[in-house]
Amino acid sequence: MEHSYIDEYSHINSFIHNLEPRIKIFTFFVFIIIVIFTRPGSAFAFSLYGVLIFILILLSNIPIMLILKRSLAVIPFVLFMSIFVIFLKAGRPFWEFPSRVFKLTITYEGLTMFVNIVMKAYLCILCMLLLIVSTNFLNLLKAFEKLRIPAVLIMVISFMYRYLFILEDELMMMKRAKNSRTVGGSGWFHTKVLSNMLGVLFVRAYERAEDVYLAMCARGFDGQIKTIYDYKIGIKDFVFLAVIISAVSIIKIFKG
Amino acid sequence: MPRKVIEIKNLSYSYPDGTSAIKALSLDVFEAESVGIIGPNGAGKTTLLLHLNGILRGTNHIRILDLEINDKTLPLLRKKVGLVFQHPDDQLFMPYVFDDVAFGPLNMGLTKDQVENAVRCALKEVDMLDCIRRPSHHLSAGQKKRVSLATVLSMAPEVLVLDEPSSDLDPKHRRDLIQIIKRLKITKLIATHDLDLVLEVCSRVVLLDSGKLVASGGVLEIFNNRQLLEAHNLGIPNAMCRTI
């Protein structure tokens, strides 16, 4: 079965793609930190950040629609988490629920806060998407490893990337096998069957983990994953780092 | 007399739950031989293979390339004995083909250039050099099987141990794989139900059932014995049915 995979555009040749992954991670990290510390309500600063990210996306030759589409997938979570702010923040009332029993007030301060959170979250999402989409996944992991993220964590993520699709395939196939034998039955019954399937999936994943470990041992695994890391930090990487960080800082200092 | 590569004497193994998988099995394999291990489901073929590079350790005696299996010789043995598992999704655990094939050589402590070279040679040997940068989960079953083979070839083993190399393959990919296996001039042990593959690749056959060695001999000698084969849930290979 075919899946879309997260670094599908990582083989393109562009300025952004050829940057050293560690530098990319660091730059985007600083970018995100500065965005987060920008004062709420400074709309001009936010739009400048946005323009900067779009310039970077254009430089990367990645279809802009792809990034926009993927960013939409995250937006509902942000909205869900931040929607309560508009009621919780005290301040000048903007709208009140017309009832004495249920007191519900939307404030101007709450609304500003809400817009602020959504804007910041969206800018950060765009940043991270650009980083992930424009970097080969394994190189990204290796870069994180070089940046002293614990190797065990990196290994877990690498296995997740490899086996997530297989688990998904297995669940799909089980579902198909179930559906082709399903004739009637109540909704509750199907729910119970589904939970059984998840149990089976867990056992299979567990046993597969054992087999994979044996396969690793058979090829001389000694508890440490060794990989080749080809990238070297060059002048263009430092130029990128300097330009982006100073641009973001200038926006922050003068407009944020 | 060619060199004895594998020497198994009176090997027994029970799984942790008490099921006895191999009972007093003895087997010798000589250099450059290709031995087919056949037998019904659950005969203990895979269990036997797992002993050959020390993943499982049964009671009694196994010598491989004149080395006892113990913790000291284990790294060397795993380099010398290339074991390919039946399911490519177990065998291929890294995100990309290159990294999977490089996994063994990197563990052997080769330099970057040597690793790169070993990976390319191994992939070329199985005609998969085009897929070097692809993610493993996007390969077809036939491609995965071939990359699996490359993951151990890159370690330049002296003994190749294959578990069901032709399962899940369409006829063309199966034929391609058989040709690839035939091209490799090292000692081979192949556990399979695909008797036609054995007929084409192997010089000797070992028949296992319920963990015991039932028969051992030349390919034609065993395959002409219909009674023996059918008594152990097997049948005469298709290629031979046509000629008889």
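**Figure 1. The four-stranded sheet of chain B in the predicted model.** In this predicted model, four strands of chain B form an open sheet in the order β2-β1-β4-β5, with antiparallel pairing. Its edge strands are β2 (20-30) and β5 (67-68) of chain B, each of which pairs on one side only. Strand β4 (residues 59-64) of chain B is joined to β5(B) by two bridges in the antiparallel sense. At this pairing, B:Ile64 stands opposite B:Leu67 of β5(B).

**Figure 2. The six-stranded sheet of chain B.** A further open sheet in chain B is built from six strands in the order β6-β7-β8-β3-β9-β10, and its pairing is mixed. The edges are formed by β6 (81-84) and β10 (212-218) of chain B, each pairing on one side only. From one strand to the next, the twist averages 15°. Strand β3 (residues 34-38) and strand β9 (residues 204-209) of chain B run parallel and are joined by four bridges. Within this pairing, B:Ile38 has B:Leu207 of β9(B) as its bridge partner.

Figure 3. Helix α6 (residues 141-153) of chain B lies across β6 and β7 (159-163) of chain B and runs at about 160° to β6(B). The 13 residues of α6(B) should span 18 Å at 1.5 Å a residue, and this agrees with the 19 Å that separates the end C-alpha atoms of the helix. The helix α6(B) is mostly covered, with 11 of its 13 residues buried. Among the buried residues of α6(B) are B:Lys144, B:Lys145 and B:Arg146, as well as B:Val147, B:Leu149, B:Val152 and B:Leu153. The elements that cover the buried residues of α6(B) include the strands β6 and β7 of chain B, together with α3 (88-91), α4 (97-107), α5 (112-125) and α7 (171-183) of chain B.

Figure 4. B:Met108 is located in the loop between α4 and α5 of chain B. This residue counts as buried because it has 20 C-beta neighbours inside 10 Å, where 20 or more are required. The C-alpha atom of B:Met108 is separated by 9.0 Å from that of B:Leu76, although the two residues are 32 residues apart along the chain. When neighbours within four places in sequence are left aside, B:Met108 is in contact with B:Lys79 and B:Met155, and also with A:Gly220 of chain A.

**Figure 5. The contact between chains A and B.** In the predicted model, 24 residues of chain A are in contact with 29 residues of chain B. On the side of chain A that touches chain B, α6 (137-146), α7 (151-179) and α8 (187-218) of chain A each supply at least two residues. The most is given by α8(A), with eight residues. By class, this side of chain A has 15 nonpolar, three polar and six charged residues.

**Figure 6. Packing of helices α1 and α5 in chain A.** The axes of helix α1 (residues 21-36) and helix α5 (residues 108-133) of chain A come within 10 Å and cross at roughly 175°. Angles over 145 degrees count as roughly antiparallel, and α1(A) and α5(A) are therefore roughly antiparallel to each other. Residues of α1(A) that make the contact include A:Phe28, A:Phe31 and A:Ile32, and those of α5(A) include A:Leu123, A:Cys124 and A:Met128. By class, the contact of α1(A) with α5(A) has 11 nonpolar, no polar and two charged residues.

Definitions and conventions: Residues numbered from 1 in each chain as written. Chains lettered and ligands numbered in written order. Predicted model: local features only at pLDDT ≥ 70, side-chain atom pairs only at ≥ 80, totals over all residues. Pairing = 2+ DSSP bridges. Axes fitted to C-alpha atoms, helices over the stretch in contact; angles between N-to-C directions. Contact = placed C-beta atoms within 7 Å. Nonpolar A, V, L, I, M, F, W, Y, C, P; charged D, E, K, R; others polar. Parallel < 35°, antiparallel > 145°, perpendicular 65-115°, else oblique. Expected span 1.5 Å × (residues − 1). Buried ≥ 20, exposed ≤ 12 C-beta atoms within 10 Å, placed from the backbone.
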